[in-house]
Amino acid sequence: MNEQLLLNKWHKLKLEDQEKVLAFIDAINPEKPEEKLSETTEIVYQPQTELGKKLWEIRQKIIKDPNIKLLDLDDIEAELDEIRSKNK
């Protein structure tokens, strides 16, 4: 099974199911303390409200959609420059 297939399946899981997968991996492959991920590792976001959960699900769908180009910082700055030049 290749990494891309795993990533595709991972992105389709709900947040709760992703947490279960991580817990399962930890159970079958406990890491040595020196192999643990550093504190700078990204923490999985857990929305606290129903609105937060809905917004998080929408965000995940957008990220997974291959037809939507996500902007990086340079793209955002270029877009802002374009908007500002039109407003002068």
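Colleague: How many helices and how many strands are there in the chain?
Modeller: Happy to start there, with the reminder that this is a predicted model. From the N terminus on, the elements run α-α-α-α. The count for the chain is therefore 0 strands, because a strand needs a DSSP run of E of at least two residues, and the helices number 4.

Colleague: What share of the 88 residues in the chain is buried?
Modeller: Buried here means under 20% relative accessible area. The accessible surface of the chain comes to about 8,500 Å², and carbon and sulfur atoms hold 56% of that surface. Of the 88 residues, the buried share is 6%.

Colleague: Let's look at Gln-18 in helix H2. Is Gln-18 buried or exposed?
Modeller: Gln-18 sits in helix H2, which covers residues 15-28. Its relative accessibility is 13%, and the cut-off for burial is under 20%. So Gln-18 counts as buried.

Colleague: Which residues is Gln-18 in contact with, leaving aside its neighbours within four places in sequence?
Modeller: Good follow-up! A contact needs heavy atoms within 4.5 Å. With the neighbours within four places in sequence set aside, the partners of Gln-18 are Trp-10, His-11 and Leu-13.

Colleague: Now for the charges: which helices each supply at least two residues of the positive patch?
Modeller: The patch lies on the surface and gathers Lys-9, Lys-12, Lys-61 and Lys-64. Lys-61 has its place in helix H3 and is exposed, with a relative accessible area of 61%. The helices that each supply at least two residues are H1 (3-12) and H3 (50-64).

Colleague: And how much accessible area does the nonpolar patch on the surface have together?
Modeller: This patch is formed by Leu-51, Leu-55, Ile-58, Ile-62, Ile-63, Ile-68 and Leu-70. One of them, Leu-55, lies in helix H3. Together, their accessible area is about 610 Å².

Colleague: How many salt bridges does a search of the whole structure find?
Modeller: Side chains of opposite charge can pair when their charged atoms come close. The cut-off is a side-chain nitrogen of Lys or Arg within 4 Å of a carboxyl oxygen of Asp or Glu. Over the whole structure, the number of salt bridges is 5.

Colleague: By about how much are Lys-53 and Glu-50 separated in helix H3?
Modeller: Their side chains meet in a salt bridge, at 3.6 Å from N to O. Lys-53 is partly exposed at 33% relative accessible area, while Glu-50 counts as exposed at 55%. Because they are 3 residues apart in helix H3, the separation is about one helical turn.

Colleague: How far apart are the closest N and O atoms of Asp-75 and Lys-69?
Modeller: Asp-75 is partly exposed, with a relative accessible area of 24%. Lys-69, at 58%, is exposed. The two form a salt bridge, and its closest N and O atoms are apart by 2.7 Å.

Key:
Residues numbered from 1 in each chain as written. Predicted model: local features only at pLDDT ≥ 70, side-chain atom pairs only at ≥ 80, totals over all residues. Heavy atoms only, no water. Patch = residues over 30% accessible without salt bridge, like charges linked within 9 Å, V, L, I, M, F, W, Y side chains within 5 Å. Areas by Shrake-Rupley, 256 points an atom, 1.4 Å probe, with all protein chains shown as cover. Lys, Arg positive; Asp, Glu negative; His and termini not counted. Charge placed at Lys NZ, Arg CZ, Asp CG, Glu CD. Buried < 20%, exposed > 50% of the residue type's maximum accessible area, 1.4 Å probe, protein only.
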